[in-house]
Every structure is written in structure tokens, then in C-alpha cells.
Amino acid sequence: FFWSDREMSRCHKMLRQYWILSLLLVLSSCSGAKVVQIPLYRIQSGSDLTLITTSDIHYLSESLTDHGPAFSRFLSSGDGRLPGYSQAIIHALGYDLGIRRPDVVIISGDLSNNGEKRSHQDLAGQLQAIEERTGASVYVIPGNHDLQNPWARTFHGSQQEPVDSVTPKAFRRIYSALGYKEAVLEDKASLTYLAAPSED
């Protein structure tokens, strides 16, 4: 009995899908895990996959600063973050991704300056616009600055004022279109998830 290379390839593909589904079913019995419907893949089997990663954007919404004395004092503390260039950094990222045209962009935290809800909302909107322009799937995860941060601030004039930060639940909701809605498997306790942008 002889199978052609094509038939063997198809058989291997079916076996791989069977084992992945079996693994997902086993993992679904684990505490905190939830299996959702297996997605239709945007990138089909056998296609090359280009990934770009970036980290520590520390985005600060323009609505939270007037670039006055309070903000200048904050910047002079000098921890290496560049919140004064948040808009330029996001525009440069979008421009770079438009040229490179990756399939997937992974952005690990810290996404926000200090977990400001407004910063998260504005950044999520800009990242969704980048997805639409470039065709890339953007996936995010939070860092230690992003959740329930007591240092979330607005800077106006000579004053720093506390503003709302986000809970893990709010983070997931704000960034639902940037990974969480596509998750094949997720752990809601840690905001960790498994995404499968490619059939392979």
C-alpha cells in the first residue's frame, strides 16, 4: 500500500489538527482555562509567518498632559521612559509596520505610562487603526505598570492629579479586539492567552 506525498501531507495535517483539538479539550478541564470555538485562520497552512515584537511603549494620552511644569518635573525624574513622545512613537510604529507588513505584531507591557484608563483607551484605538491600515494582527499583554496602578496621573499646569487606572477586567475589555477576542485558550486570572493567527 503506497501513499503519495500529497496524501501523506494531508494525513499529517489531519492528525495535527486532531492532537491540537485533543490538547485543547484536556486543557479545558484545567482550573481557570476556557476553550472557545476554533477560529478560521487568516493565514493558511504552508504560508510564511512574519512576526514583529515591541515592548514598553509607556503611552501617555495627550488628554492627560499640557506639557507644563508638572509634566516637566515628572520627566526630570529620568527613568528612561519617553511619555512626552507618545504620539511620535505610535506614529513611527504604525509607519514602520506599514512598510514591513508583518502578519503579527506582539506588544508586551508596559503599554501605558502608569496604567491610566484614558491612555489605555486611546492606545487601543490607535492600535486598532494600525491593524486596519496594515492588515497585521496586533496582540497585547499587560506589564507591571498597566493594571491598578496608584501612580496613574494627569499633568496640568503645576499640578499632578490622580486619575483612574484599570482593573484586569477593564484591561481585557479595552483590548478585546487586540488578542483577547481571538484567544483559543485563556487564563482570565493572569490575562495570559493563546492566539493562533496561522493554521500552522
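Two strands pair if DSSP finds at least two bridges between them. Strands here are DSSP runs of E, at least two residues long, and helices are runs of H or I, at least four residues long, both numbered from the N terminus. With that in hand, take I52, which stands opposite V105 in β3.

A word on the source. This is a predicted model, in which local features need pLDDT of at least 70 and side-chain atom pairs count only at pLDDT 80 or more, while totals for chains, interfaces and linings use all residues. Residues are numbered from 1 along each chain as its sequence is written, and side-chain values use heavy atoms, with hydrogens and water left out.

Now the sheet. Three strands make up an open sheet, ordered β2-β3-β4, and their pairing is parallel. Which strands stand at the edges? They are β2 (51–55) and β4 (137–140); each has a single partner strand, so one side of each is left without a neighbour in the sheet. From one strand to the next, the twist averages 20°. Angles of this kind run from 0 to 180 degrees between N-to-C directions, and axes are lines fitted to C-alpha atoms, for helices over the stretch in contact.

Between β2 and β3 (residues 104–108) there are five bridges, in the parallel sense. Between β3 and β4 there are four bridges, again parallel, and I106 has Y139 in β4 as its bridge partner.

Stay with β4 for a moment. In a regular strand the side chains alternate between the two faces of the sheet. In β4, S137 and Y139 point one way, V138 and V140 point the other way, and all are buried. Buried means under 20% relative accessible area, exposed means over 50%, and partly exposed is in between, using a 1.4 Å probe and protein chains only.

Next, a helix pair. Two packed helices are described by the angle between their axes and the distance between the axes. Helix α3 (residues 86–100) packs against helix α4 (residues 117–134) at an angle of about 20°, and their axes are 9 Å apart. That makes α3 roughly parallel to α4; the label covers angles under 35 degrees, with over 145 roughly antiparallel, 65 to 115 roughly perpendicular and the rest oblique.

Which residues meet there? From α3 they are Q87, I90, H91, L93, G94, L97 and G98, and from α4 they are L123, Q126, L127, I130, R133 and T134. The residues of this contact divide into six nonpolar, six polar and one charged. Ala, Val, Leu, Ile, Met, Phe, Trp, Tyr, Cys and Pro count as nonpolar, Asp, Glu, Lys and Arg as charged, and the others, Gly among them, as polar.

Last, the loops. The loop between β3 and α4 holds D110, and the peptide bond from G109 to D110 is cis, with omega near 10°.

The loop between β4 and β5 (153–156) holds N149, and Q148 is placed in that loop too. Is each one buried or exposed? N149 is buried, at a relative accessible area of 12%, whereas Q148 counts as exposed at 54%. Q148 is not a glycine, yet its phi is positive, near 45°. Leaving aside neighbours within four places in sequence, N149 is in contact (heavy atoms within 4.5 Å) with N114, G115 and S165.

L191, in the loop between β7 (185–187) and β8 (192–194), also has a positive phi, about 60°, without being a glycine. At 6% relative accessibility, L191 counts as buried.
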